[in-house]
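Visitor: Hi, I'm new to this one. Could you walk me through it?

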Amino acid sequence: MKTRELAVCGLMVALSVVLGGMLTYNVQVAGVNGVKLGLGPLPIMLTGFLFGPQYALVSGFAADLVKANLFPTGAYMPVFSLTYAFLCATPSFLVRLTRRGERSGLAPGYWPLFAGVLVSFIVWSTTANTLLLVTMFSSALAALLPARLAALILVPVYPPILRAMLAVYRKIKG
């Protein structure tokens with residue numbers, strides 16, 4: 001790991017903590033935090049596209065750990081940090097998997113980014129976190145699922161922001 005990569009990852013973790021902790025709307029369902037609506041995962045997803053999914057995985061776990069301590073919403077459960085880390089790392093992993101053999105200097109298009117973010121949110125946020133909430137807190141699945149599905153409304157917002165952030169970073173890097 002180079003110093004530049006470490007510094008960028010640290011900045012992205014800090015940005016994710018601010019976006020995910022202070023600029024996020026929590027929707028409570030049946031007395032449990034049902035869903036968080038915000039842009040907290042964006043900086044960590046960017047880390048995955050810049051340096052690889054492994055960086056997004058570690059940065060995502062670190063960001064969620066810091067957020068859980070600075071903005072507690074209940075007892076800390078490390079399994080939710082893992083799902084957050086995988087949520088952030090999956091788009092870059094899927095896009096890299098589908099772009100083998102292409103020039104890596106090009107930013108991925110809207111639809112590959114959209115597909116990666118959509119799959120990530122469906123698998124980790126909608127499915128895994130919902131099942132964890134139902135299992136750990138005996139929450140009603142029927143009460144949680146509509147709010148969890150409503151969070152998918154943010155999915156079309158992520159790809160253009162990610163493309164813009166990638167373009168800005170590439171211009172700065174030179």
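Guide: Happy to; we'll look at a helix pair and then some aromatic rings. This is a predicted model, where local features need pLDDT of at least 70, side-chain atom pairs count only at pLDDT 80 or more, and totals for chains, interfaces and linings use all residues. Residues are numbered from 1 along each chain as its sequence is written, and side-chain values use heavy atoms, with hydrogens and water left out.

Visitor: At what angle do helix 4 and helix 5 pack?

Guide: Helix 4 (residues 78-98) and helix 5 (residues 110-137) pack at about 160°, with axes 8 Å apart. They are therefore roughly antiparallel (angles over 145 degrees). Helices here are DSSP runs of H or I, at least four residues, numbered from the N terminus.

Visitor: And which kinds of residues make up that contact?

Guide: The contact of helix 4 with helix 5 has 18 nonpolar residues, six polar and no charged.

Visitor: New topic: how many aromatic pairs are there?

Guide: A search of the whole structure finds seven, counting rings of Phe, Tyr and Trp (its six-membered ring) with centres within 6.5 Å; planes under 30 degrees apart are stacked, over 60 edge-to-face and the rest tilted. Phe51 and Tyr55 have ring centres 5.6 Å apart and planes at 55°, so that pair is tilted.

Visitor: Is Phe51 buried or exposed?

Guide: Phe51 is buried, at 13% relative accessibility (buried means under 20% relative accessible area, exposed over 50%, partly exposed in between, with a 1.4 Å probe and protein chains only). Tyr55 is buried too, at 14%.

Terms used
Axes fitted to C-alpha atoms, helices over the stretch in contact; angles between N-to-C directions. Helix = DSSP H or I, 4+ residues; strand = E, 2+ residues; numbered from the N terminus. Parallel < 35°, antiparallel > 145°, perpendicular 65-115°, else oblique. Nonpolar A, V, L, I, M, F, W, Y, C, P; charged D, E, K, R; others polar.
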